[in-house]
Amino acid sequence: MACPPAALSSPARQPSVKVILASADVQRVVDRIAHQILEKTQGAADTVLLGIPTRGAPLARRLAARISTFEDVDVPVGVLDITLYRDDLRRHATRAVGPTQLPPGGIDGKRVVLVDDVLFSGRTVRAALDALNDVGRPACVQLAVLVDRGHRELPIRADYVGKNIPTALTESVKVTLAETDGADEVRLFGGATL
């Protein structure tokens with residue numbers, strides 16, 4: 001029996017890709033989060049932004065810049081490396097430990113807003129809370145994320161959310177930023193198209 005011609009064979013399924021936020025959308029979302037932080041923190045008084053690498057760090061710097069533009073307030077910004085606090089180190093390749101950089105005034109007694117790109121299971125935020133305990137004692141801790149995609153495994157909720165994106169577990173959300181990837185965009189990968 002002969003094989004069917006290539007034209008009659010079933011077409012290969014390609015994973016679908018959907019742009020959720022384009023560059024201008026990302027800027028609007030950052031502006032909205034900056035305004036929300038100003039509103040909920042009485043003008044960012046005693047507030048520190050700590051970005052979680054990789055993309056949370058540039059997002060924290062962008063938020064600080066937008067807050068400064070809107071209210072002429074300089075919000076201290078730092079970076080909180082969570083590598084050694086992750087619970088998946090045994091499952092994934094070794095990661096380079098990055099520096100934790102606290103603002104000159106530190107975080108003791110301040111409102112710390114942790115900043116990350118995507119909130120998913122909550123495990124990254126749990127690791128960030130553990131790391132935070134080792135570097136100081138903030139008055140309170142809040143969370144700002146560009147995207148919340150759901151599917152929490154831990155009881156963690158963001159205080160500031162740029163965009164809620166309902167997803168299936170088989171889908172993935174990819175954030176790219178100009179500072180780390182050359183362009184601003186949020187894409188949803190998953191499913192398949194013919």
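Tutor: In this predicted model, a salt bridge is a side-chain nitrogen of Lys or Arg within 4 Å of a carboxyl oxygen of Asp or Glu.

Student: At what N to O distance do the side chains of Arg 123 and Glu 153 meet in a salt bridge?

Tutor: Side chains of opposite charge can pair when their charged atoms come close. The cut-off for a salt bridge is within 4 Å, and the side chains of Arg 123 and Glu 153 meet in one with an N to O distance of 2.6 Å.

Student: Which parts of the chain does the pair of Arg 123 and Glu 153 link?

Tutor: The two residues are 30 residues apart, and the pair links distant parts of the chain. Arg 123 belongs to helix 3, whereas Glu 153 sits in the loop between strand 5 and strand 6.

Student: Why does Arg 123 count as partly exposed?

Tutor: Buried means under 20% relative accessible area and exposed means over 50%, with partly exposed in between. Arg 123 therefore counts as partly exposed, because its relative accessibility is 32%.

Student: Are Asp 184 and Arg 62 buried or exposed?

Tutor: The side chains of Asp 184 and Arg 62 meet in a salt bridge at 2.7 Å, N to O, and this pair links a residue in the loop between helix 4 (178-181) and strand 8 (185-193) with one in helix 2, 122 residues apart. As for their accessibility, Asp 184 and Arg 62 are both buried.

Student: Which residue is linked with Arg 62 and Asp 184 in a network of salt bridges?

Tutor: The structure holds 10 salt bridges, including the one in which the side chains of Asp 184 and Arg 62 meet. The network that links Arg 62 and Asp 184 also takes in Glu 179.

Student: In what order do the five strands form the open sheet?

Tutor: The pairing in this open sheet is parallel, and its edge strands, each of which pairs on one side only, are strand 3 (77-79) and strand 6 (160-164). Strand 2 (residues 47-51) pairs with strand 3 over three bridges, with Val 77 in strand 3 as the bridge partner of Leu 49. The order of the five strands is 3-2-4-5-6.

Student: At about what angle to strand 4 does helix 3 run?

Tutor: Helix 2 (residues 56-71), which lies across strand 2, strand 3, strand 4 (111-119) and strand 5 (140-148), runs at about 125° to strand 4. Helix 3 (residues 123-135) lies across strand 2, strand 4 and strand 5, and its angle to strand 4 is about 150°.

Notes: Residues are numbered from 1 along each chain as its sequence is written. This is a predicted model: local features need pLDDT of at least 70, side-chain atom pairs count only at pLDDT 80 or more; totals for chains, interfaces and linings use all residues. Side-chain values use heavy atoms; hydrogens and water are left out. Two strands pair if DSSP finds at least two bridges between them. Helices (H or I, at least four residues) and strands (E, at least two) are DSSP runs, numbered from the N terminus. Contact means heavy atoms within 4.5 Å. Axes are lines fitted to C-alpha atoms, for helices over the stretch in contact, and angles run from 0 to 180 degrees between N-to-C directions. Buried means under 20% relative accessible area, exposed over 50%, partly exposed in between (1.4 Å probe, protein chains only).
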